[in-house]
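The following dialogue works through several features of one structure, each with the general idea and then the case at hand.

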Amino acid sequence: MIHRRYNTLTKLSAMLGLIALTSSASSVANVNCENTKSQPGTQRQYSETWGTSYNGDRHQSSSNTSINSENAQQLKLQWVYGFSTQTPRSYPLVTEDTIFIGDGGYGLVALDKETGCTRWENTDITDIESAIVAEEVDGNTVLIFTGRRSGVYAVDAKNGKQLWFSNPKVHPVPMYSGSPMAYQNKVFVPISSMEIALSFNPFYGCCTTSGGMMALDIRTGEKLWYTPTVENPGSIVTGKHFFLIEKRGPSGAPVWSAPALDIKRNLLYFGSGENYSEPATLTSDAIFAIDAETGEVAWVKQYTANDTYNMACEISADHPNCPSKSGPDLDFGAPPVLSTLKNGKDLIIAGQKSGAVFGIDPDTGETVWSTQFGRGGKLGGVHWGIAVNPELEQAYVPISDLPTSDLPVGENDAPPGPGLYAISSADGSTQWSVTLEKNCEGHSCWPGFSAAITSGPNIIVAGTLDGHLKIYRGTDGKLLWSHNTVVNMETVNQVPAKGGTLDAHGPMLAGNQLIVSSGYGSFGQWGGNALLVFSVEKKVVH
Amino acid sequence: MIQPSMLASRFRRFVATIIDLILTPLLGLLVMLLTGLFESAEAYSSFSTIGIRALTIGVIAYAVLNGWLLHTRGQTVGKAMLGLVIVDNTSGKKASLWKLLLIRMWFFPSLLLLGITPYAIVPFIDHAMIFTPSRRCLHDRICGTSVIKMS
């Protein structure tokens, strides 16, 4: 077992925090970690990708989780781990006895699944914000993940030692905010760009970089191919400001979400975001299908045209780097899902920040059906991820509709509709819906579902922006269980923890456990630093 | 020899520093615009690239703003406005330009580039030393200078 070494200040703050714990604190038993084995088991992995399976459906069948509509009410908090950040943004990999997860600026940790005790830690990698995925390479289990600014990492699951690091710099300022996918001999890596934020600087000539998808060799990290979403980025000078600074385009169309893999067609599907600068392209706010072997584009389907936006527009529409037509910033932040219907036909289901959901033919990219929920906006609409239950042939659509300064966006002036919507995967028809009411005050208090959701046997697990983790029944949307995470918590690692906004990657179902990170300090929301692990009575899951 | 009565008051030195701290970045913006050092994505490709370019802009702005005054009168703009002058601590005469430019202007930013971890505390030590009887900050001692009132 590895003992975390704290500096004096951390120890002092930990002691003060413990003293300050109020009666609202969630209580978990003190754990003796001394006998924790350092080597994790890696025979059984409960997810293949961020999207749980390669098709990205965020669904766990009964072979992967024992939590269902019959026992969800029995979920109890098992243990809590305190992160070092108020905006935890890593998604775990769970094996038969270990949870691997990135701990903010601290590093990568391997935690005993039953106790939360640390098996090993790698504190050299301090900007992990993606899912941890794994693949067997030459008989060893290799963990793959990205550092937001630094690049792509491969570490040995046995001991956390780094095997390789890769930052091919397909452009000068890549941002690795999307989760990678490891499949056989390749790692697929989404590429975004820091230019979205660099545009803040009025002395910056926005913008010259493109989003994209990259494939690396899983043994070495060497780049195999790179497919940008914008051709010839920055090749056109569109104007000048302050007499000297050249505005450039086209640019943007970042990819900040995980891809989905169609093994049968050997295609990789992913969504893109808005253009950062003019001229707009036909590839922003679009769904891409590319050849997984070569990166060659099979088809692109755009759903919002002429969407140009960057962070300069948050300062003022008159900022020299804000495009003349700003927004509406309607990315596909939620990855597309490849779903097989009961009639054997495949369909891609994709949700957009606009609040629209589309059924798409995977062979042609043509839209088969579409439907709209709520009003959408910069922070969703559908923000981080939908889930699809193939057994019920249902897709579950979480809607955030968090108000932002300049909503309504575009021509959609519908009222906000934060909630959860169950639709038929086959035709998009609504089967049931749950709308949520605001029950507290302040900007951060919003009941919408921004975080990605996950589904299990007749259940949907979803976290609200106001910090409540909820489980609904798949067949009718009945609320089965709810837990308020915005409380102080005692933690296994003795770091004082409090929950906050539930956002980003969302919950995970694995075996008899439900795992979620609480706290998300971005966009003025509630920070928090808790990794909560709930469980139902243990039952053998094969 | 510098007599205690000749030394600049701490308040005047503080105000002069504030004036320089406002004027130098303002001119730095103009330098940034003219040089284009922060105009492209390449400028932000690594923390060291950002640091080197920021340092370069700061040094150019400082030199353009104060170089001539330092050379001819041993003053920055702020010190000139407050009637202060930098002199050699032993002779009491105008300090050498190379000391003023190469040491005062480069030494402390260079520490940052060298990645010396306790760098953050250096400015505090530097400025805290104004409260010694000689009112000489760390950078004064390294350069062998004092700041006095203009006679």
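**Reading backbone, sheets and cores**

Q: Where is A:Gln494 placed?

A: A strand is a DSSP run of E with at least two residues, numbered from the N terminus. A:Gln494 sits in the loop between β33 (488-489) and β34 (497-498) of chain A. The model is a predicted one, in which local features need pLDDT of at least 70 and side-chain atom pairs count only at pLDDT 80 or more, while totals for chains, interfaces and linings use all residues. Residues are numbered from 1 along each chain as its sequence is written, and chains are lettered from A and ligands numbered from 1 in the order in which they are written.

Q: In what order do β25, β26, β27 and β28 of chain A stand?

A: Strands of a sheet pair through backbone hydrogen bonds, either parallel or antiparallel. Pairing here requires at least two DSSP bridges. These four strands form an open sheet in the order β25-β26-β27-β28, paired antiparallel. The edges are β25 (387-389) and β28 (430-435); each has a single partner strand, so one side of each lacks a neighbour in the sheet. Within it, β26 (residues 394-399) and β27 (residues 419-424) are joined by six bridges, and A:Ala395 has A:Ile423 as its bridge partner.

Q: How many bridges join β18 to β19 of chain A?

A: Five bridges join β18 (residues 267-271) to β19 (residues 286-291), which run antiparallel. A:Phe270 stands opposite A:Phe288 there. In the loop between these two strands lies A:Pro279, and the peptide bond from A:Glu278 to A:Pro279 is cis, with omega near 5°.

Q: Which residues have the most contacts inside the largest nonpolar core?

A: A nonpolar core is a set of buried Ala, Val, Leu, Ile, Met, Phe, Trp, Tyr and Cys residues joined through C-beta atoms within 7 Å. The largest one has 148 residues, and those with the most contacts inside it are A:Leu143, A:Tyr269, A:Ile386 and A:Val397. Another core, of 12 residues, lies apart from it and includes B:Leu82 and B:Val85.

Conventions. Buried ≥ 20, exposed ≤ 12 C-beta atoms within 10 Å, placed from the backbone.
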